[in-house]
Amino acid sequence: MRRQLTHRRQIISDGYQRDDGLWDIEARMTDVKTAPVDNLERGGFVSAGEPFHDISARLTIDATFTIVSADAVIDASPFKNCPAAAKAFGRLVGAQIGPGWHKEAQDRVAGVAGCTHITELLPVLATTAIQSLWPTLGDDVLRVGSRFLLNSCRSWAQDGEVVKRHLPELYQSSKPLESIE
């Protein structure tokens, strides 16, 4: 079967510990086409290899995962009005990454005032924040991780072997399913 690459999306995400005790968590998304795309709002077309989207977002958080600053920039987009949507990202200030954060973040920045692609970066920023701060928050990284990860996947299942072995106080065996007769 022949295949031809037509589109590449790249997401790069980094976490930086700052001298002032805060953390900058950054993500950048680029979409690039392998052929020119007609686009009247960008001078008639977007050239092959030129970013169709180039979107960056930064959350500055403290050690409790509370967002103290939120910025986004849209450097390339298909429409002239897209960059104005980056302002909505500032509504994340005061939110805390943790259980329920995805819904709260969606409520604050999704929809017609925001940008679909900035919203797509929210889970990436959250997991990058957890991975960036986790090893620096003390000796018991599993306990810190459990605040965010308990019941989020098979390894972190409250009735699973990892929790039973490393965090027995959080372990809850599952009840056997009753047979339906």
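Reply: Two strands are said to pair if DSSP finds at least two bridges between them. The model discussed below is a predicted one.

Me: How many bridges join β1 to β2?

Reply: Strand β2 covers residues 23-33, and β1 covers residues 7-17. The two strands run antiparallel. The number of bridges that join β1 to β2 is eleven.

Me: Which residue in β2 is the bridge partner of His 7?

Reply: Several partners can be named along this pair of strands. Gln 10 stands opposite Thr 30 in β2, and Ile 12 has Arg 28 as its bridge partner there. For His 7, the bridge partner in β2 is Lys 33.

Me: Which residue in the hairpin of β1 and β2 takes a positive phi?

Reply: Five residues lie between the strands of this hairpin.

Me: What is the order of the strands in the open sheet?

Reply: The edge strands, each pairing on one side only, are β1 and β6 (67-76). β2 and β5 pair in the antiparallel sense over ten bridges, and Ala 27 stands opposite Ala 57 in β5. The twist from one strand to the next averages 10 degrees. The four strands pair antiparallel in the order β1-β2-β5-β6.

Me: Which helix packs on the sheet?

Reply: The helix in question touches β1, β2, β5 (51-61) and β6. Its direction makes about 140 degrees with that of β2. The helix is α2.

Me: At what angle do α1 and α2 pack?

Reply: Helix α1 spans residues 101-109 and helix α2 spans residues 116-133, with their axes 10 Å apart. The crossing of α1 and α2 is right-handed. The packing angle is about 145 degrees.

Me: How many nonpolar residues does the contact of α1 with α2 have?

Reply: On the α1 side, Trp 101, His 102, Ala 105, Gln 106 and Val 109 take part, and they meet Thr 119, Leu 122, Pro 123 and Ala 126 in α2. By class, three residues of this contact are polar and none is charged. The number of nonpolar residues is six.

How values were computed
Residues are numbered from 1 along each chain as its sequence is written. This is a predicted model: local features need pLDDT of at least 70, side-chain atom pairs count only at pLDDT 80 or more; totals for chains, interfaces and linings use all residues. Side-chain values use heavy atoms; hydrogens and water are left out. Axes are lines fitted to C-alpha atoms, for helices over the stretch in contact, and angles run from 0 to 180 degrees between N-to-C directions. A crossing is left-handed if the near helix is turned anticlockwise from the far one by less than a right angle, and right-handed if clockwise. Contact means heavy atoms within 4.5 Å. Ala, Val, Leu, Ile, Met, Phe, Trp, Tyr, Cys and Pro count as nonpolar, Asp, Glu, Lys and Arg as charged, and the others, Gly among them, as polar.
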